[in-house]
2 protein chains.
Amino acid sequence: MIYAAIMGFGTIGSGVYEVLYGNRDRIKAACGQEIEVKYVLDLRDFPGSPAEDKVVHDFSVIVSDPEVRLVVETMGGLNPAYPFVKACLEAGKHVATSNKALVAAHGSELLRIAREKNVNFQFEGSVGGGIPIIRTIYRCLAGETISEITGVLNGTTNYILTKMSKEGSAFDAALKEAQRLGYAEQDPTADVEGHDTCRKIAILTALVTGKEIHYEDIHTEGITGITAEDHLYADKLGMAIRLLGSSRIEGDRVYAWVAPVMAGRDNPLHSVSGVYNGILIRSNMLGTSMYYGSGAGKLQTASAVVADMIEEASNPDTNVLAGWSADPQPIEPIGDLRRRFFLRLSGQCARDAGDPGICAGTAREYLGDCRVVTADGLDGEYGLLTEPMSESRFAEASAALARAAEAEGNRLIQTLRVEE
Amino acid sequence: MIYAAIMGFGTIGSGVYEVLYGNRDRIKAACGQEIEVKYVLDLRDFPGSPAEDKVVHDFSVIVSDPEVRLVVETMGGLNPAYPFVKACLEAGKHVATSNKALVAAHGSELLRIAREKNVNFQFEGSVGGGIPIIRTIYRCLAGETISEITGVLNGTTNYILTKMSKEGSAFDAALKEAQRLGYAEQDPTADVEGHDTCRKIAILTALVTGKEIHYEDIHTEGITGITAEDHLYADKLGMAIRLLGSSRIEGDRVYAWVAPVMAGRDNPLHSVSGVYNGILIRSNMLGTSMYYGSGAGKLQTASAVVADMIEEASNPDTNVLAGWSADPQPIEPIGDLRRRFFLRLSGQCARDAGDPGICAGTAREYLGDCRVVTADGLDGEYGLLTEPMSESRFAEASAALARAAEAEGNRLIQTLRVEE
């Protein structure tokens with residue numbers, strides 16, 4: 001028997017309790033002993049809950065009880081999560097958390113304390129709740145040299161984009177529906193602006209490089225500028241618009257970015273739709289592998305936290321995962337990255353002949369060879385798919401093109417990256 | 001430093017050597033020590049190879065050297081792989097193998113010896129080379145109760161089916177192309193008749209249930225009866241034909257089967273095409289997750305074997321994975337399983353009106369409500385998609401329908417299972 005405490009008994013914390021007792025036998029078989037929750041820390045009481053008698057309101061009860069070996073942090077936010085987790089690690093207790101803000105902000109320090117105290121600080125639930133990706137990187141791809149991680153890492157935005165694509169909805173309408181269904185929070189900023197995806201790709205990149213990643217260094221764009229019309233073009237091209245977080249590791253050089261892209265049909269992330277997440281990994285021996293599962297639901301995230309607890313209970317006296325050091329990993333500017341781009345321009349092009357009109361001709365002067373794309377029902381505009389070029393070349397060319405189009409009385413409506 | 005021996009220096013064995021030395025630093029970091037190959041056992045010599053000086057022809061050199069702690073078995077077949085592996089385990093050495101025939105035939109006994117000797121017998125490379133699925137089940141889903149595993153587990157057949165679908169090729173032509181490209185063996189029986197998939201789903205099912213599975217008990221159909229015409233209908237329905245191995249675990253009752261099915265667009269296995277494999281797992285807390293990667297290529301399989309070696313080197317004195325006991329797990333007859341079915345019948349149906357003709361009317365008498373499906377360019381026949389029904393009801397109804405169609409001068413051309 002090993003004793004645990006759960007700090008924060010909201011959605012995820014109570015889910016952890018449910019998973020621990022719902023899969024009790026299986027968990028006992030997996031770690032060779034029972035995990036028993038001794039305390040639940042919360043400001044509230046939970047009359048009628050099976051955890052009713054375990055509720056405490058005072059953190060010091062947990063940190064000073066030597067019988068408690070495993071602590072779960074599911075409070076969210078940095079305060080008091082950060083000082084509480086730090087104190088638990090310093091007291092020689094293992095910690096499992098689903099709090100990505102905590103990991104992204106203080107991961108390096110908390111990992112160092114865990115190493116010093118020979119315990120574990122684990123956070124499977126902080127990235128892709130329904131996909132056991134951190135353990136996969138450590139346990140399953142341990143011998144691989146990973147060169148790329150790219151993922152649909154946020155279920156909320158993927159739900160919104162999928163709904164826009166399937167039903168032709170506008171962004172605002174799809175967001176409202178996501179909020180109504182509980183997939184999006186009342187303040188959706190962290191999701192729709194890409195901040196959540198940014199923290200997750202920062203954590204994954206730190207795991208792969210073994211160095212600290214400052215998530216502020218990662219170029220991040222959200223999905224608020226995506227329109228129903230963009231989806232019509234994507235559809236026409238057999239592509240799907242996904243918000244991706246990606247990092248590419250080339251020796252010491254690391255590129256990382258978050259942005260909405262058009263993903264082609266041959267890209268395994270193309271088929272990751274709705275509230276699902278998918279994470280693609282390229283490594284030198286295995287090649288391309290992909291991991292797919294639910295975005296962060298209550299029981300999915302709780303299950304990930306419990307997987308951490310099982311590993312900790314199986315290795316009570318060992319620091320099993322190295323995590324990353326406090327060495328900062330610089331992030332390269334994205335200007336060197338090469339890919340195709342998609343643009344929408346107002347104006348006419350001679351559709352039937354496949355021969356672009358005046359503005360398309362102008363566009364080619366700036367962008368080189370392009371494929372003209374038209375979408376049914378969209379008049380007075382057309383799309384262009386470029387050949388692969390660097391981000392910096394495209395930024396320059398598209399800015400010049402926008403000026404030229406304006407001079408013609410037209411306008412550059414949209415630009416999107418393409419991942420084939 | 002921990003010493004290893006590789007038995008069998010063919011494609012996979014030399015791949016293991018390549019991965020071990022190619023990712024040397026990463027592997028050392030992962031298991032805290034270097035893995036050094038001391039011997040390579042093969043009947044041949046390998047002049048010019050980096051392993052040239054390590055080649056031995058006598059198994060007793062390996063089994064009697066106490067310095068060798070890890071043994072890799074990549075000979076294939078049962079003889080002498082089985083006696084060699086058994087002797088190594090009995091001598092207290094860890095074994096990692098990619099040999100699914102060995103695991104399916106003697107896994108229970110070899111796992112028992114490993115437990116008795118406190119070493120590990122691991123076989124990640126035997127199932128879905130490019131997908132770390134065994135470790136995922138043990139390490140990442142340890143706390144989950146798994147109710148279903150369904151996978152595209154054989155890259156050869158998936159390549160053939162994808163080629164037929166994309167290019168309209170006949171089975172024989174697609175098989176020849178697969179052989180030319182080295183994706184299929186000269187004797188393709190084990191792949192195309194589903195035997196390979198059957199052994200893999202048997203291994204996965206044994207891992208999940210913890211009991212021995214007799215692969216002979218698993219209902220197994222191959223893909224030799226699939227035609228280019230079947231793919232036309234699948235296409236029309238937005239489905240893809242995949243050879244699936246599947247098991248469903250409902251408490252003590254276990255269902256398992258291998259068969260080609262039409263997979264709908266919402267099924268994550270729909271998009272697993274070409275030589276790729278995909279494995280879908282349903283479990284009680286995580287819900288649906290899917291793991292996707294290359295079918296068994298040289299380096300993919302070798303990397304899986306090396307992942308086993310890393311785990312063994314990290315746990316030299318512990319039996320880490322329980323595997324399964326020698327308790328046999330009965331497999332239920334598949335008659336109770338419910339699903340939709342697809343059929344092709346010769347004859348006419350009134351296409352334009354959406355109103356089925358005489359034979360379709362007859363079909364409905366036997367099968368109940370059906371959707372009529374026609375495929376462009378296929379005259380003199382049509383397809384039917386049934387409502388969900390049990391396998392046994394469908395077997396009975398379709399046999400009766402075949403007789404009735406014959407009485408009308410028509411014929412039941414094909415039947416296929418559907419997985420939505």
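The model is predicted. Chain A can be laid on chain B with an RMSD of 0.0 Å, using a turn of 180° and a shift of 0.0 Å along the axis. Within chain A, A:Tyr291 has the C-alpha nearest the axis, at 2.4 Å from it.

**Contact between the chains**

Chain A puts 37 residues into the contact, and chain B puts in 37 residues. On the side of chain A that touches chain B, the elements giving two or more residues are helix H2 (24-31), helix H6 (133-140), strand S12 (287-294) and helix H12 (298-314) of chain A. S12(A) gives the most to this side, with 8 residues. By class, the side of chain A that touches chain B holds 19 nonpolar, 14 polar and 4 charged residues. Of the interface residues of chain A, 100% are also interface residues in chain B, so the copies meet through the same surface.

S12 also takes part in strand pairing across the contact: S12(A) pairs with strand S12 (residues 287-294) of chain B in the antiparallel sense. In that pairing, A:Tyr292 stands opposite B:Met290 in S12(B). The table sets this strand pair beside one from within chain A.

| Strand pair | Sense | Bridges |
|---|---|---|
| S12(A) and S12 (residues 287-294) of chain B | antiparallel | 5 bridges |
| S4 (residues 68-73) of chain A and S5 (residues 94-97) of chain A | parallel | 4 bridges |

**Domains of chain A**

The domain assignment divides chain A into domain 1 (2-130 + 300-314), domain 2 (139-293) and domain 3 (336-419). The centres of domain 1 of chain A and domain 2 of chain A, taken over C-alpha atoms, are separated by 28 Å. Between these two domains, 10 residues of domain 1 of chain A are in contact with 13 residues of domain 2 of chain A. The side of domain 1 of chain A that touches domain 2 of chain A divides into 4 nonpolar, 5 polar and 1 charged residues.

**The six-stranded sheet**

Chain A has an open sheet of 6 strands in the order S3-S2-S1-S4-S5-S6, with parallel pairing. Its edge strands are strand S3 (55-56) and strand S6 (121-122) of chain A, each of which pairs on one side only. Strands S4 and S5 of chain A pair in the parallel sense, and A:Val72 stands opposite A:Ala96 in S5(A).

Terms used
Residues are numbered from 1 along each chain as its sequence is written. Chains are lettered from A and ligands numbered from 1 in the order in which they are written. This is a predicted model: local features need pLDDT of at least 70, side-chain atom pairs count only at pLDDT 80 or more; totals for chains, interfaces and linings use all residues. Two residues are in contact if their C-beta atoms, placed from the backbone, lie within 7 Å. Ala, Val, Leu, Ile, Met, Phe, Trp, Tyr, Cys and Pro count as nonpolar, Asp, Glu, Lys and Arg as charged, and the others, Gly among them, as polar. Two strands pair if DSSP finds at least two bridges between them. Domain bounds come from an automatic or database domain assignment. Copies are superposed by least squares on the C-alpha atoms of residues with pLDDT of at least 70 in both.
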